[in-house]
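User: I have a chain open here and want to talk through its layout. Can we start with the domains?

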Amino acid sequence: MLKEIKELQKTAFSELNKAQLLEDIEKVRIKYLGRKSKLSQILKGLKDLTVEQKAEVGKVANIFKRKISQEIEVKITALNEANLWPKIDITIPGIKNARGHIHPITKTIYEICDIFTSLGFNVVEGPEAEKERYNFEALNIPLDHPARDAFDTFYLKDDLLLRSHTSPVQVRVMEKEKPPIAIIVPGKVYRPDAVDATHSFMFHQVEGLLVDKNITFSDLKGTLSVFLRKMFGKEVKVRFRPHFFPFTEPSADLDVSCFVCNQKGCRVCSDTGWLEVGGAGMVDPEVFKAVNYDYDEFSGFAFGVGVERIAMLKYGINDIRLFFENDYRFLKQF
Ligand code: PHE
């Protein structure tokens with residue numbers, strides 16, 4: 001009888017091994033563990049055995065039952081799990097993930113910062129929500145200055161506004177540190193302008209500030225000339241056109257020669273041969289006073305350039321709105 005059970009065990013396990021479907025497994029279970037199973041048939045002969053024999057056969061039969069039912073459980077669980085997953089066809093070509101890249105404005109900011117860091121400037125940033133003192137007062141823009149008009153600045157609440165230029169960071173840095181200072185400040189600025197091809201209520205500037213002993217206008221000219229030639233090509237000429245800013249004296253608008261028409265006159269330069277890219281000047285003594293610098297000991301220059309303007313000129317883009325519309329057909333070209 002023991003031999004019979006051993007045989008039974010062998011066939012039961014080999015049948016179970018072959019079973020692929022749930023119903024095949026169920027068949028094995030009924031065949032070997034059901035009430036009319038082969039095992040029950042064999043065990044019918046128990047009554048003819050001695051007490052010791054009964055005990056031994058009973059033990060072997062129980063072990064068989066336990067093993068085979070455990071194995072059946074394992075197979076059923078594995079099969080159920082496998083069915084939860086979709087069948088994968090590994091021969092289908094994969095879906096390619098589109099690789100992103102940096103925005104043309106960010107790219108232009110990186111380029112500008114690279115040039116200035118190679119000249120020894122440090123990159124710093126400041127808050128976009130700014131206090132009146134930093135955006136105006138300390139920059140020698142008094143209360144009655146037209147730029148203070150609520151229409152020219154986005155006010156968040158009393159004494160808190162969206163900065164209209166990156167110049168406030170000049171003051172923030174000078175308040176904290178003593179000269180020599182050589183910083184470059186990229187960032188977003190905000191003005192309540194109606195949006196058109198050349199205006200946006202938000203755009204980017206890069207501010208520059210250098211303060212030390214014996215800094216002169218020729219240092220400003222030299223630095224900005226190097227910058228503009230690295231940015232637009234060795235051939236470009238640089239022009240400083242007299243202008244006014246409350247926080248610099250003297251002040252100038254910064255122009256590069258039109259590299260689109262080589263100064264023959266074209267639409268991009270409105271037939272003037274020159275392209276304006278920013279403003280600059282020598283730091284006004286009033287600004288030094290506001291940050292407790294001794295303006296007899298130190299002098300410095302500051303400048304601010306428009307990033308969108310530079311990117312538009314460099315890449316031949318004729319509408320500033322393209323930068324902010326998130327149209328992939330435009331963005332993927334950079
Ligand atoms: N802040 C000025 C502007 O936004 C630019 C500027 C910066 C001019 C620094 C002179 C010196 O127009």
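Analyst: Domain bounds here come from an automatic or database domain assignment. Note also that this is a predicted model.

User: Fine. How is the protein chain divided?

Analyst: Into domain 1, residues 2–84, and domain 2, which is made of 105–127 + 179–331.

User: And how far apart do the C-alpha centres of domain 1 and domain 2 lie?

Analyst: The separation between those two centres is 86 Å.

User: Switching to helices. At what angle do α5 and α10 cross?

Analyst: Helix α5 (residues 104–118) and helix α10 (residues 307–315) cross at roughly 95 degrees, and their axes come within 10 Å. Angles of 65 to 115 degrees count as roughly perpendicular, so that is the label for α5 and α10.

User: Which residues meet there?

Analyst: From α5, I105, K107, T108, I109, E111 and I112; from α10, V307, E308, I310, A311, K314 and Y315. By class, the residues of this contact are 7 nonpolar, 1 polar and 4 charged.

User: Now the sheet. What order do the strands take?

Analyst: The order is β2-β4-β3, an open sheet of 3 strands with antiparallel pairing. From one strand to the next, the twist averages 40 degrees.

User: How many bridges between β2 and β4?

Analyst: There are 3 bridges, in the antiparallel sense, with β4 covering residues 160–162.

User: What stands opposite A129?

Analyst: L162, in β4.

How values were computed: Residues are numbered from 1 along each chain as its sequence is written. This is a predicted model: local features need pLDDT of at least 70, side-chain atom pairs count only at pLDDT 80 or more; totals for chains, interfaces and linings use all residues. Side-chain values use heavy atoms; hydrogens and water are left out. Axes are lines fitted to C-alpha atoms, for helices over the stretch in contact, and angles run from 0 to 180 degrees between N-to-C directions. Helices (H or I, at least four residues) and strands (E, at least two) are DSSP runs, numbered from the N terminus. Angles under 35 degrees count as roughly parallel, over 145 as roughly antiparallel, 65 to 115 as roughly perpendicular and the rest as oblique. Contact means heavy atoms within 4.5 Å. Ala, Val, Leu, Ile, Met, Phe, Trp, Tyr, Cys and Pro count as nonpolar, Asp, Glu, Lys and Arg as charged, and the others, Gly among them, as polar. Two strands pair if DSSP finds at least two bridges between them.
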